[in-house]
There are 2 protein chains.
Amino acid sequence: MEAGRRRRGRSTKDSADLKVEILRAATAEFSTKGFDGARMDAIARRAGVNINLVYHYFGNKDALFVAVMEAAYLTIRTYHNDINLRALDPEAAMSELVRSTFRLFSDNLHIIGLLSSENMHEACHIRQSEQIRNLYNPLLDFIGETLARGVAEGTFRSGVDPVELFITISAQSYFHLSNRHTLGFILHRDLTSAESLAARQRHVVEVILSFLKHQARNSSDA
Amino acid sequence: MEAGRRRRGRSTKDSADLKVEILRAATAEFSTKGFDGARMDAIARRAGVNINLVYHYFGNKDALFVAVMEAAYLTIRTYHNDINLRALDPEAAMSELVRSTFRLFSDNLHIIGLLSSENMHEACHIRQSEQIRNLYNPLLDFIGETLARGVAEGTFRSGVDPVELFITISAQSYFHLSNRHTLGFILHRDLTSAESLAARQRHVVEVILSFLKHQARNSSDA
DNA sequence: CCCTTTATTAAGTATTCACTTAATCTTTGG
DNA sequence: CCAAAGATTAAGTGAATACTTAATAAAGGG
């Protein structure tokens, strides 16, 4: 397999591959064990490299985790796909945003483990990344503009806070997966089966769209 | 403070207090550090006892965590307060259930840390507790019955799955807190301020109630 | 008032783990 | 074709950590 046993001193092209492989291994380890449960030597073993290569490329455990988080956030923002939704009418744009957010987490369970661990650490790693800090600004702009368009054409209610809506969409797509093990146990139901996921996606879209389209009697009365 | 330095061989009454104190310390440590980040000697120090007393009472780290989780789940079910909501009309009952679930997590942030860690461990600890396994059955019954009453009197849409609704209510009350650190960073907003929490609670109630009261064109077309 | 039981502690121990030191092997630019 | 730089590894090291052994102190029943 793979040209036999690894040998010392390989080309920069090969070593770039190794770096990617280490990152993949680290992502798997961190997302399933959490930062504290993850072991550096387990990452090296997963990647099939000597443990010191991990230190050579990434410095230390914290820096490696930061690198993993940066890649994860790029995946997240790619999935949102908001750039391609600007052309749609408000209702279609919103339901597509919900669907793509839902897909984001179902397709990338590892992101949930990473976020969960990072929140246990009070976001101390991503705080070091200026790249991540402003990653969501375009998405919030998109949500705000789409809401405004919907209000203007009379399909959406007014007074909805874009940030609040974003949290609601994410919550509905995230919680049933982040808590799938405890929920599965107390609800006596597997929440990760294909049917269960499909049913939940339908439910989530319906919840959010019926909220947006509902003309509230007393919404946003500060 | 507390009759000076602790002495050996105290009465069973005092020692029951110590056991409670250890449990409180363990709850604080586990919820802020996670199972893997938590340190047994930190728990002993927090409780002000010798570390071996922790082992004497609880056996080992895993068993201690199980004890903490059992206490947490009792708190959870107490907050839901579903027993006292059965008397209300469907709409009031549902909005109260949302509010009490919301309060549950805002008032008990430690529960979020515990659940997060337990899910990272695939619920391996609570699985050992038969006490927890069926704790939610009455709540799901309550939700199912309240939905049926609402449909019968014409205020609620039909075809809503009680389990799905429960997850939605919990998700909306949980996610903004479980992910408060990463969200706070990327959204440039403090989600734990009193005003922010009040605004979110209003939003959450409105989202769920407008979903339930919306007469969907094509809901639950399985 | 003794003796069993329970509470509490002191002082280890074995292991795990993040990280380091220092060497060797390969490639590649000059 | 040599030398510097980079890739890769072997073999530690010191601190942290879950847990144990074994001793002591007091309570409380008979």
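**Exercise 1. Work out how many helices and strands chain A has, and in what order they run.**

Step 1: Know what counts, namely DSSP runs numbered from the N terminus, with at least four residues (H or I) for a helix and at least two (E) for a strand.
Step 2: Count them in chain A: there are 11 helices and zero strands.
Step 3: Read from the N terminus on, and the order is α-α-α-α-α-α-α-α-α-α-α.

A word on what you are looking at: this is a predicted model, in which local features need pLDDT of at least 70 and side-chain atom pairs count only at pLDDT 80 or more, while totals for chains, interfaces and linings use all residues. Residues are numbered from 1 along each chain as its sequence is written, chains are lettered from A in the order in which they are written, and side-chain values use heavy atoms, with hydrogens and water left out.

**Exercise 2. Find what share of chain A is buried.**

Step 1: Take the cut-offs: buried is under 20% relative accessible area, exposed is over 50%, and partly exposed lies in between (1.4 Å probe, protein chains only).
Step 2: Apply them to the 222 residues of chain A, and 51% count as buried.

**Exercise 3. Describe the interface of chain B and chain A.**

Step 1: Start with contacts (heavy atoms within 4.5 Å). Here 64 residues of chain B touch 64 residues of chain A.
Step 2: Turn to the buried area, which is the accessible area (1.4 Å probe) that two parts lose on being put together, summed over both. For these chains that gives about 5,600 Å², with 62% from carbon and sulfur atoms.
Step 3: Look for salt bridges (a side-chain nitrogen of Lys or Arg within 4 Å of a carboxyl oxygen of Asp or Glu). The rule finds six across the interface. Asp161(A) pairs with Arg189(B) in a salt bridge, their closest N and O atoms lying 2.8 Å apart.
Step 4: See which elements of chain B take part. Those giving two or more residues to the side that touches chain A include helix H1 (12-37), helix H9 (162-178) and helix H11 (194-213) of chain B. H9(B) supplies the largest share, 13 residues.

**Exercise 4. Locate Gly59(B) and decide whether Gly59(B) is buried, partly exposed or exposed.**

Step 1: Find the loop between helix H3 (51-58) and helix H4 (61-80) of chain B; Gly59(B) sits there.
Step 2: Check the relative accessible area: at 44%, Gly59(B) is partly exposed.
Step 3: Compare with His121(B), which is 62 residues from Gly59(B) in sequence and 20 Å away in space, C-alpha to C-alpha.
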